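Work through the exercises below with the sequence and the model at hand. Each task is followed by a solution in steps.

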Amino acid sequence: MQTTDDTSLPPGPFTRRQAEAVVALYRNIAIEDDQGTHFRLVIRDSDNQLIWRAWNFEASAGEWLNRYLVSHGVRHR
């Protein structure tokens, strides 16, 4: 299942383009551990402490990241 909403990820694995769209919307989301073909999308709090991270190829990566985006995502103004 693919998402057309730029504010969320598909429930499973996601592409770099999808990750970059989410990163552009939130201040506390970043791409880390970039290995070229795979990378982690990371959510951090205001003290830069890790809240959640997932590799882009994980089976339920988007589902869990979307949950944390709703509760901890800080949008750009």
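**Exercises on aromatic pairs, sheet and core**

Trp52 is partly exposed, with a relative accessible area of 28%; buried means under 20%, exposed over 50% and partly exposed in between, with a 1.4 Å probe and protein chains only. The model is predicted: local features need pLDDT of at least 70, side-chain atom pairs count only at pLDDT 80 or more, and totals for chains, interfaces and linings use all residues. Residues are numbered from 1 along each chain as its sequence is written, and side-chain values use heavy atoms, without hydrogens and water.

**Exercise 1.** Classify the ring pair of Trp52 and Tyr68.

*Solution.*
- Step 1. Rings of Phe, Tyr and Trp (its six-membered ring) pair if their centres lie within 6.5 Å; planes under 30 degrees apart are stacked, over 60 edge-to-face, the rest tilted.
- Step 2. The whole structure holds 4 aromatic pairs. For Trp52 and Tyr68 the centres are 4.9 Å apart and the planes at 10°, so this pair is stacked.
- Step 3. The pair links distant parts of the chain, 16 residues apart: Trp52 lies in strand 3 (residues 50-55) and Tyr68 in helix 2 (residues 61-72). Helices (H or I, at least four residues) and strands (E, at least two) are DSSP runs numbered from the N terminus.
- Step 4. Tyr68 is partly exposed, at 23% relative accessible area.
- Step 5. Trp52, Trp64 and Tyr68 form one aromatic cluster.

**Exercise 2.** Describe the sheet and the pairing within it.

*Solution.*
- Step 1. The sheet is open, has 3 strands in the order 1-2-3, and its pairing is antiparallel. Two strands pair if DSSP finds at least two bridges between them.
- Step 2. Strand 1 (29-32) and strand 3 are the edge strands, each pairing on one side only.
- Step 3. Strand 2 and strand 3 are joined by 5 bridges. Arg40 has Trp55 in strand 3 as its bridge partner.
- Step 4. Trp55 also forms a stacked aromatic pair with Phe57, at 5.9 Å centre to centre and 20° between the planes. Phe57 is partly exposed, at 49%.

**Exercise 3.** Which residues touch the most other members of the largest nonpolar core?

*Solution.*
- Step 1. A nonpolar core is a set of buried Ala, Val, Leu, Ile, Met, Phe, Trp, Tyr and Cys residues joined through side-chain atoms within 4.5 Å.
- Step 2. Of its 13 residues, Leu9, Phe14, Val22, Ile29, Leu41, Leu65 and Leu69 touch the most other members.
- Step 3. Helix 1 (16-25), strand 2 (40-44) and helix 2 each give two or more residues. The largest share, 3 residues, comes from helix 2.
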